[in-house]
Amino acid sequence: MTRRLKEVDAVLVGMGWTGSIMARELSRAGLSVVGLERGQDRKPADAFALPGIRDELRYALRQELMLDPAVQTVTLRHDDSQIAQPVRRFGSFLPGDGVGGMGTHWNGQTYRFLPSDHKLRSHLSQRYGAKAIPEDMMIADWPIGYDELEGHYARFEALCGISGKAGNIRGEIQEGGNPFEGWRSGEYPNKPLKSSQGGVLFAAAAKSLGYHPFPSPAANASNPYTNPEGVKLGGCQYCGHCERFGCEADAKASPQTTLLPVLAKDPRVEIRDLAYVSKLNYDRKAKRITSVTYVDLRTGEELEQPAGLVILSAWVFGNTHLMLHSGIGTAYDAKTGKGTVGRNYCYQINSGAQLFLENEELNPFMGTGALGMVIDDFNGDNFDHSGLGFFGGGYVTLNTLGARPISFRPVPPGTPAWGKEWKAATAKWYRHGATISVQGSNYASRGNHLDLDPTYRDPLGRPLLRMTYNFTDNDRKMSAFVTGKAAEIAKAMGAQHVGVRARSGDFDVVPYQTSHNTGGTPMGSDPHTSVVNRYLQSWDAHNLFVLGSSVFPQNAGYNPTGAVGALAYWAADAIVGKYLKNPSALIPA
Amino acid sequence: MSDAIQRRQFLIGAGGATLAAAVPPAAPAAETPLLSAPSQPAAPQQAAGDSFQILSAAEAAFLGAVADTMIPADGLSPSGSDCGVVVYIDRQLAGAYGAGSRIYTAGPFQPPQRGTGWQSPLPPLGFFRAGIAAADHWCVATYGHSLDHLDEAGRIVALKAMEKGEASFQGIASKLFFVELLQLVMEGFFSDPIYGGNRDKASWRMVGYPGLPATYREKIEAWRGKRYEQDPQSIADFS
């Protein structure tokens with residue numbers, strides 16, 4: 001027996017970055033808001049305190065802040081000739097869990113996408129001819145131009161107090177910033193972090209090769225900062241425990257350190273944790289969602305929360321899964337190319353070159369999640385792709401993220417994995433090893449998609465989401481090319497040994513690669529090829545808005561959170577400025 | 001050699017150098033840590049004989065032989081078992097990890113396809129139990145002795161065969177077993193000592209990892225390009 005609750009103005013499914021931003025904006029507009037979050041509401045002052053938060057085994061290996069695959073996972077197959085198997089342990093990607101979501105345990109690398117990433121298909125068609133784009137490469141223009149989104153990127157950066165150096169202020173190229181980036185209305189809110197020795201050496205080598213190094217834009221506050229919400233962030237301690245950990249210094253921008261303190265005091269906002277949403281209840285005829293059904297994980301009771309406005313802010317898998325399971329829109333069929341939900345699923349093609357500098361003291365344990373020097377010379381279409389046989393690219397960076405020793409134990413190529421020789425090499429190189437990483441784009445491919453698995457079920461009895469995904473030849477060629485540039489820089493740094501690892505072969509769910517999964521509910525201008533319109537409003541239910549990287553039509557060679565935050569503000573503006581005045585489809589289907 | 005250490009070697013199998021001789025001298029503290037912590041490293045925690053929560057004597061002996069072959073005693077650190085690696089594995093397998101926490105366990109089951117990772121119907125405790133039994137059976141059939149009764153050269157040959165997947169175990173892939181085993185051994189060697197391994201922070205001393213509190217805001221520039229050293233501190237030192 002489902003207990004029906006009193007209707008509220010808006011209900012949000014998922015209380016990570018996008019849910020927190022939207023809750024704040026809707027409350028500001030006077031709406032009553034309920035945020036439903038499957039995981040726990042952890043209190044940072046207690047849950048992320050010293051000394052326990054510096055526990056690599058607990059947080060990095062046993063993944064305490066991540067989603068438990070027993071609660072929700074996906075199945076995987078490389079192509080539709082295979083029978084998918086469940087991802088029983090998370091490895092290559094780590095979905096978040098709890099209030100704050102992945103914003104709790106991210107590194108904080110906060111980029112904007114290039115203006116050309118916002119109009120990818122028309123840009124590449126114009127420069128190389130429409131025929132140069134492979135037939136099965138389903139890249140698309142964003143329905144929102146970079147110029148339209150600039151102010152929203154800036155707003156998210158101000159919320160987080162991003163530390164960085166602008167490269168382009170209103171068209172003026174700035175010394176020391178990224179000369180390839182789109183224009184900015186102003187400088188970053190906080191100055192860049194202090195560089196590591198590895199970063200200094202990387203920048204010098206990159207410059208000597210004619211490239212354009214700049215400091216990684218970081219949501220690790222270089223100095224204490226008060227954001228426009230009046231919330232104070234602390235100064236980063238360079239502890240080397242960002243990714244997979246909470247921040248005890250309140251220096252890493254997260255929902256907890258930027259927005260949740262405001263929401264906690266807001267009488268119009270109620271966050272219910274341990275609330276596992278099972279379904280959106282869809283009135284097909286009226287083209288609207290009437291309510292959301294969820295299970296209270298404390299009691300097992302099923303509840304129904306009616307709302308005038310429904311926001312899906314449950315990350316890539318949750319958003320796509322709930323749309324498919326609730327029967328909203330048409331599931332994408334890779335054979336016919338028809339249908340849209342589950343389309344354009346992408347990942348990221350990451351690789352790197354490990355380098356060993358015998359005579360340099362790198363103190364690799366002094367770091368932050370976004371401490372690095374970067375070049376953007378080989379990202380997106382910042383370089384000529386004529387004759388290369390692929391599109392896309394990635395930034396190349398030397399990050400000093402910390403050197404937690406269970407996972408960070410660099411040894412030169414050819415060293416055994418155990419025994420006397422391994423020990424000697426580990427002791428010798430631990431302080432002298434670094435990695436140059438490539439954050440590579442991933443362009444949508446016809447065969448890569450998400451749908452419902454016919455066999456495996458989750459604890460609520462629903463079919464699991466099924467991922468059909470593999471790397472493409474475009475990805476492998478791109479990775480070989482850009483990883484070669486990383487190796488070139490490593491050699492220019494004077495490394496005695498360089499281990500080059502371009503991405504090749506098939507996608508494997510075991511080794512960690514990135515949690516930058518995207519797509520499944522792509523945005524677009526055509527309801528036949530997209531799930532949401534340019535305001536991130538569902539084409540099939542006018543009171544449903546979908547937030548997060550699930551709306552990307554393809555993935556760029558950048559960490560997605562900057563664009564995700566900007567899009568959340570963009571959608572909030574559309575809801576408050578347009579939708580609430582006349583609740584209906586903002587763009588006719 | 002004390003009775004206690006002889007008993008340990010009986011239990012764990014492959015003995016090595018005694019701890020005191022192998023610990024490198026503690027590096028001087030570069031600066032006073034922010035949080036209060038003892039200025040002297042704690043005395044080695046190795047006690048007279050390890051006790052196990054869930055491992056049988058034969059399982060502990062096998063794992064001791066593995067730990068001491070993967071992490072042999074030398075001037076850089078004591079042996080794996082002297083660093084507590086077997087105790088670490090015992091505690092992990094006896095707890096939530098061994099019971100299959102954070103694993104999707106619903107069927108049906110099939111052997112893993114390329115790229116899908118862990119597909120065992122067994123939780124880690126059952127998997128390691130079956131793996132150890134298969135490995136010992138294979139060692140006896142191949143070399144005439146269980147792993148812990150082989151000499152060091154023999155143990156290296158046996159582990160290399162498992163690493164390459166050339167050891168034909170009954171019912172379990174030796175390569176998969178080896179990968180999981182190597183991971184647990186390295187976790188036991190490098191994790192915070194609160195889990196029972198990495199006694200006296202031996203691995204952190206070996207590589208020069210300072211541990212806690214890791215507050216380097218005022219140090220990253222001051223020590224840039226210079227070797228920063230600190231007597232390593234663990235969670236227990238601040239608790």
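**Core packing, sheets and salt bridges in the predicted model**

Ile436(A) is in contact (heavy atoms within 4.5 Å) with Phe202(A), Ser351(A), Gly352(A), Ala353(A), Leu355(A), Val396(A), Thr397(A), Leu398(A), Ala486(A), Ile489(A), Ala490(A) and Met493(A), leaving aside its neighbours within four places in sequence. The structure is a predicted model, in which local features need pLDDT of at least 70 and side-chain atom pairs count only at pLDDT 80 or more, whereas totals for chains, interfaces and linings use all residues. Residues are numbered from 1 along each chain as its sequence is written, chains are lettered from A and ligands numbered from 1 in the order in which they are written, and side-chain values use heavy atoms, with hydrogens and water left out.

Ile436(A) belongs to the largest nonpolar core, which holds 118 residues and in which Phe202(A), Leu280(A), Ile436(A), Met467(A), Ile489(A), Met493(A) and Leu544(A) touch the most other members. A nonpolar core is here a set of buried Ala, Val, Leu, Ile, Met, Phe, Trp, Tyr and Cys residues joined through side-chain atoms within 4.5 Å, and buried means under 20% relative accessible area, exposed over 50%, and partly exposed in between (1.4 Å probe, protein chains only). The most is given to this core by helix 13 (residues 561–579) of chain A, with 10 residues; helices (H or I, at least four residues) and strands (E, at least two) are DSSP runs, numbered from the N terminus. Another core, of 80 residues, lies apart from it, and among its members are Phe408(A), Leu63(B), Ala161(B) and Phe177(B).

In chain A, an open sheet of 6 strands has the order 8-17-18-19-16-22, with antiparallel pairing, where two strands pair if DSSP finds at least two bridges between them. Its edge strands, each pairing on one side only, are strand 8 (214–215) and strand 22 (497–501) of chain A. Within this sheet, strand 17 of chain A runs antiparallel to strand 18 (residues 394–399) of chain A and is joined to it by 4 bridges, with Val374(A) having Thr397(A) in strand 18 as its bridge partner.

Strand 3 pairs in the parallel sense with strand 2 (residues 8–13) of chain A over 4 bridges, and Leu12(A) stands opposite Gly35(A). Between these two strands the chain passes through helix 1 (residues 17–28) of chain A, and the resulting β-α-β crossover is right-handed, that is, with the strands pointing away from the viewer, the path from the first strand over the helix to the second runs clockwise. Strand 3 also runs parallel to strand 11 (residues 269–272) of chain A, the two being joined by 4 bridges, and Val34(A) has Glu270(A) in strand 11 as its bridge partner.

Glu304(A) counts as buried because its relative accessibility is 18%, whereas Arg4(A), at 54%, counts as exposed.

Glu148(A) forms a salt bridge with Arg534(A), with the closest N and O atoms 2.3 Å apart. Because Glu148(A) lies in helix 6 (residues 146–160) of chain A and Arg534(A) in the loop between strand 23 (518–520) and strand 24 (544–546) of chain A, this pair ties together parts that are 386 residues apart in sequence. Glu148(A) is partly exposed at 36% relative accessibility, and Arg534(A), at 19%, counts as buried.

Asn178(A), in the loop between strand 7 (172–173) and helix 7 (197–208) of chain A, counts as buried at 4% relative accessibility. Leaving aside its neighbours within four places in sequence, Asn178(A) is in contact with Lys165(A), Gly167(A), Asn168(A), Phe214(A) and Asp376(A).

Technical notes. Salt bridge = Lys/Arg side-chain N within 4 Å of Asp/Glu carboxyl O.
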